[in-house]
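Thanks for coming, everyone. Let's get the structure up on the screen and then talk through some charged pairs and a sheet.

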Amino acid sequence: MKKIFTVLILLSFILPAVSIHAEDNKTYAGKTNIDNLRILPPEDSYDSKGYIKYGDSGDETIERGYTALFINGSIVKNFKLAIENKKIMLPLRLISEALGAEIKWLPDTKETKISDGENTIILEGGNAKVLSGENEFIFDIPPKIIDGSIYVPEKFITEVLGAEIVYSEGEESKEKDIIRRLPHIMISRYNENAKAISKEKAVDIVREQLITAYENRYGEYIPINAKEELERDGDDIREAILNLRVSAENDRYYVLPVVFDFWVDKYTGDVYVFYNGLEMNIYLFDPNEPGALAFAG
């Protein structure tokens, strides 16, 4: 027994302690998939057909009236919403699985079962009554099978799955948008252990990365003073560093204007650049890349 106790004590010094920090939220929020995301809105294309090119792989054509879907800050491929009695209907499997739930079809009862953590949800296409644990929900519009997939009203997502839904018409002026110039739906539900960094921390992260990029390209970074005339290469970056601030935010990202907009992931601290050109482009900022400060456009 003494030998075992001694070994346990030694292991406690050798093995790293497992602890949860705000900086380690990748465990709870996960990385998003927006790196190298490119979007051409249909309204901006010559033939009214735009596209989404996903950074990991693949692309899809989008037409006028298309609405994109983001879940916890990640764009969802092949999303199609439906309209029933002038109400938006959303694909249940796509959203449930993206939120971490498991969904199964029960052929014997022709029901759908969702295992969402400790909660079990039972629903049936065409039946307005939904059972969630010991709770019963009745919706004005029942779940419906459309093109082989079951769709549910938005209240199902908010009331049964407990997620938040925000709509955007794709207007430039909306502060809570993820992207511009394309209608999109933002659904979010994060693990309770996922803690967002503060706006001040986001500013510090971008400042540090911009200073690194500046020094890699121009040499020693010297903060701007009030009497200095800005005329040297890189002065626009020095000025941006001086005036860094969070100008907007949505459920996942803080937005900081630099030359282009910089986005800071609230849960991972990753920094992205958003270029609002004819083709919208989002990419992970790497301050050590030779062309990190080459904001063409």
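Which residue forms a salt bridge with Lys129? Glu136 does. The closest N and O atoms are 3.9 Å apart. Keep in mind that this is a predicted model. Both partners are partly exposed: Glu136 has 47% relative accessibility, and Lys129 has 40%.

Now the wider count. The whole structure has 13 salt bridges. Let me take two more.

Start with Asp116 and Arg189. Their side chains meet in a salt bridge, at 2.8 Å from N to O. The two residues are 73 apart in the chain. Asp116 sits in strand 9, residues 111-116. Arg189 sits in the loop between strand 16 and helix 5. Asp116 is buried, because its relative accessibility is 13% and the cut-off is under 20%. Arg189, at 21%, is partly exposed.

Next, Asp261 and Arg180. Here the closest N and O atoms are 2.5 Å apart. Asp261 lies in strand 19 and Arg180 in the loop between strands 15 and 16, so this pair ties together parts 81 residues apart in sequence. Asp261 is buried at 13%. Arg180 is partly exposed at 26%.

There is also a network: salt bridges link Lys199, Glu249 and Lys266.

Strand 19, residues 261-265, pairs with strand 20, residues 271-276, over four bridges. Within that pairing, Trp263 has Tyr272 of strand 20 as its bridge partner.

Key
Residues numbered from 1 in each chain as written. Predicted model: local features only at pLDDT ≥ 70, side-chain atom pairs only at ≥ 80, totals over all residues. Heavy atoms only, no water. Pairing = 2+ DSSP bridges. Salt bridge = Lys/Arg side-chain N within 4 Å of Asp/Glu carboxyl O. Buried < 20%, exposed > 50% of the residue type's maximum accessible area, 1.4 Å probe, protein only.
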